[in-house]
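Colleague: I am new to this one and would like to go through it with you. Could you put it on the screen?

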Amino acid sequence: MELLKDRILRDGIVKAGNVLKVDSFLNHQIDIRLMDEIGREFYRRFQDERITKILTIEASGIAVACAAARYFSVPVVFARKAKSSTLDTNAYTARIKSFTHKDTNWAMVSANYLDEDDQVLIIDDFMAEGNAAQGLLEICDYAGATVVGVGVVIEKGFQGGGDALRENGIHVESLAIVESMGPEGIKFRD
Ligand code: 5GP
């Protein structure tokens, strides 16, 4: 998505630890026009699938998921993060290692909002090692729901998470795939 790549080149800041900061339009301040275009692009890429729900994880995935959900006209469910496993038996949980904070959280989705009739599109802002997406896939698996694909705004291709999912037969669509980033600048995969 050229509009997004241009914005990353203009406003993205490469930080230590292979973290790309895009706080000015995605992760702190949100450019709502760009967000709407992102939602439209996810719809274009997944419109042939039957989707009943969009699943994401708090916090940064929520705005992206909502932008997409407007085009699909389906509800958004976001996994809640907790420090310890919930004792709520009416919920599905998965452990997820946080790429940015380096700790491990539990992600939790109530069984009230996900079940075996659901056809799920997983959406997130970033993909690095793929731990967040794997956790959400696990939650769908526990719920008996079908995952039709994974959509991410920015995939850091050099960290392998997206390709590992693709090798497992999962339909992954990333609107921009960063192939390398550093003092030489940011380069995208074609
Ligand atoms: P993964 O679980 O794929 O290793 O990392 C994805 C999660 O970590 C995303 O939910 C995102 O919030 C965060 N993340 C990973 N890499 C970056 C990055 O370079 N920049 C930002 N802003 N978030 C990232």
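Colleague: In which sense do strand β3 and β7 pair, and over how many bridges?

Modeller: Please note that this is a predicted model. In it, β3 (residues 53-57) and β7 pair in the parallel sense, over 3 bridges. Within that pairing, K53 stands opposite V120 in β7.

Colleague: And how many bridges join β7 and strand β8?

Modeller: There are 8 bridges between β7 and β8 (residues 146-156), and the pairing is parallel. Here L121 stands opposite G149 in β8. To get from β7 to β8, the chain passes through helix α5 (residues 131-143), and this β-α-β crossover is right-handed.

Colleague: Why is β7 described as largely enclosed by the rest of the structure?

Modeller: The description follows from burial, meaning under 20% relative accessible area. In strand β7 (residues 119-127), 9 of the 9 residues are buried, so the strand is largely enclosed by the rest of the structure.

Colleague: Changing topic: what volume does the largest pocket have?

Modeller: Its volume is about 790 Å³. The lining of the largest pocket consists of 32 residues, and K81, S98, T100, D125 and F126 lie nearest the centre. Elements that give two or more residues to this lining include β2 (19-21), α2 (23-27), α4 (60-72) and β5 (91-97), along with β7, α5 and β8.

Colleague: Which element gives the largest share of that lining?

Modeller: That is β7, with 4 residues.

Colleague: How many of the lining residues are nonpolar, polar and charged?

Modeller: The lining of the largest pocket has 13 nonpolar, 9 polar and 10 charged residues.

Key:
Residues numbered from 1 in each chain as written. Predicted model: local features only at pLDDT ≥ 70, side-chain atom pairs only at ≥ 80, totals over all residues. Heavy atoms only, no water. Buried < 20%, exposed > 50% of the residue type's maximum accessible area, 1.4 Å probe, protein only. Pairing = 2+ DSSP bridges. Right-handed = clockwise from strand over helix to strand, strands pointing away. 1 Å grid on protein atoms, 1.4 Å probe; cavity = no way out; pocket = protein on both sides within 12 Å on 5 of 7 lines; lining within 4 Å. Points joined across faces, edges and corners; volume = space filled by probe spheres on them. Nonpolar A, V, L, I, M, F, W, Y, C, P; charged D, E, K, R; others polar.
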